Amino acid sequence: MAELILKTDTTRDLGTRPSRRLRREGWVPGVVYGLGGDSIPVAVDARELRSALTSDAGLNALLTLEVDGDRQLGLVKDLQHHPVRNEVIHVDFIRVDADVEVEVDVRMVLVGEAPEVTNEGGVVEQAAFTIRVLSKPEAIPNELSIDISEMTMGDTLRAGDIELPDGVQLAVDFEELVASTSTAVMEIEEPEVGEEAEIELDEDGQPIVSEEGEDAAEDAASEDSAE
């Protein structure tokens, strides 16, 4: 794995206005903390941060943070996004020790098909998309692939059923639900209903009948009388 180096600037001013100015200039304000050290306000280049977090490891990418000339291993602990533009507006980094396990959330992906489920008109539903694990920083998996090909109707997959790589342990209850089967729901199309004719009302709130309508009504009334 290539080393992901992220340079930080520790000279940023604190406060809302300075942070807004940083963002306009292409920087993301943040903080580095953990391992008993002081919390240090930093700023990182937005493009470099985006590049680091779009690797295969995603948010669990192990970073080498350059802080005041010192290199420290770190992980992204939290990202704050703009509610409309979805841009990162703040980032928290946590220092980590290469020899000490950390808890992180890892993405889960269902792979394969379950023919015995589909043949009975069922589907496999994923109940959880990430799972918390305990691992040394360099052993954190990019994702966990879960084979569903042997599932049958009525089966469930739980956290304890997941095959984990060496050096990775579950940090959740073994009974936590990951996936289950259910009967597929058929969508029934409703018949199209024609548009209702608009009815014009007079000043007294009575329907206005056209001359053709009046003639037809009179003809019908005459026929009834003749009978």
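Q: Why is V123 called partly exposed?
A: V123 has a relative accessible area of 33%. Buried means under 20% relative accessible area and exposed means over 50%, with partly exposed in between (1.4 Å probe, protein chains only). V123 is therefore partly exposed, at 33%.

Q: What kind of model is this, and how are its residues numbered and its side-chain values computed?
A: This is a predicted model, in which local features need pLDDT of at least 70 and side-chain atom pairs count only at pLDDT 80 or more, while totals for chains, interfaces and linings use all residues. Residues are numbered from 1 along each chain as its sequence is written, and side-chain values use heavy atoms, with hydrogens and water left out.

Q: Which residues does V123 touch, not counting residues up to four places away in sequence?
A: Contact means heavy atoms within 4.5 Å. With sequence positions up to four places away not counted, V123 touches V117, S180, T181, S182 and A184. The C-alpha atoms of V123 and E113, which are 10 residues apart along the chain, are separated by 9.8 Å.

Q: In which strand does V123 lie, and what makes that strand a partner of β13?
A: V123 lies in strand β8. Strands (E, at least two residues) and helices (H or I, at least four) are DSSP runs, numbered from the N terminus. Two strands pair if DSSP finds at least two bridges between them. Strand β8 (residues 122-126) is joined to strand β13 (residues 177-183) by 5 bridges, and the two run antiparallel. Among the residues bridged is Q126, whose partner in β13 is A179. Strand β11 (residues 156-158) also pairs with β13, in the antiparallel sense over 3 bridges, and the partner of L157 in β13 is again A179.

Q: What puts the buried residues of α1 on the same side?
A: In α1, P18, S19 and L22 are buried. Their arc around the axis, taken from the directions from the helix axis to the C-beta atoms, is only 100 degrees, which puts them on the same side of α1. On the other side of α1, T16, R17 and R24 are exposed. The cover over the buried residues of α1 includes β2 and β3.

Q: Which strands stand at the edges of the open sheet of 4 strands?
A: That sheet has the order β10-β7-β9-β12, with mixed pairing. β10 (143-147) and β12 (168-170) are at its edges; each has a single partner strand, so one side of each is left without a neighbour in the sheet. Strand β7 (residues 102-111) and β10 run parallel and are joined by 5 bridges, and V111 stands opposite D147 in β10.

Q: What makes a group of residues a nonpolar core?
A: A nonpolar core is a set of buried Ala, Val, Leu, Ile, Met, Phe, Trp, Tyr and Cys residues joined through side-chain atoms within 4.5 Å. The largest one has 24 residues, of which L75, V104, M108, I131, L157, I162 and V178 touch the most other members. Its largest share, 4 residues, comes from β7. A second, separate core of 17 residues includes V44, A61, L63 and V67.
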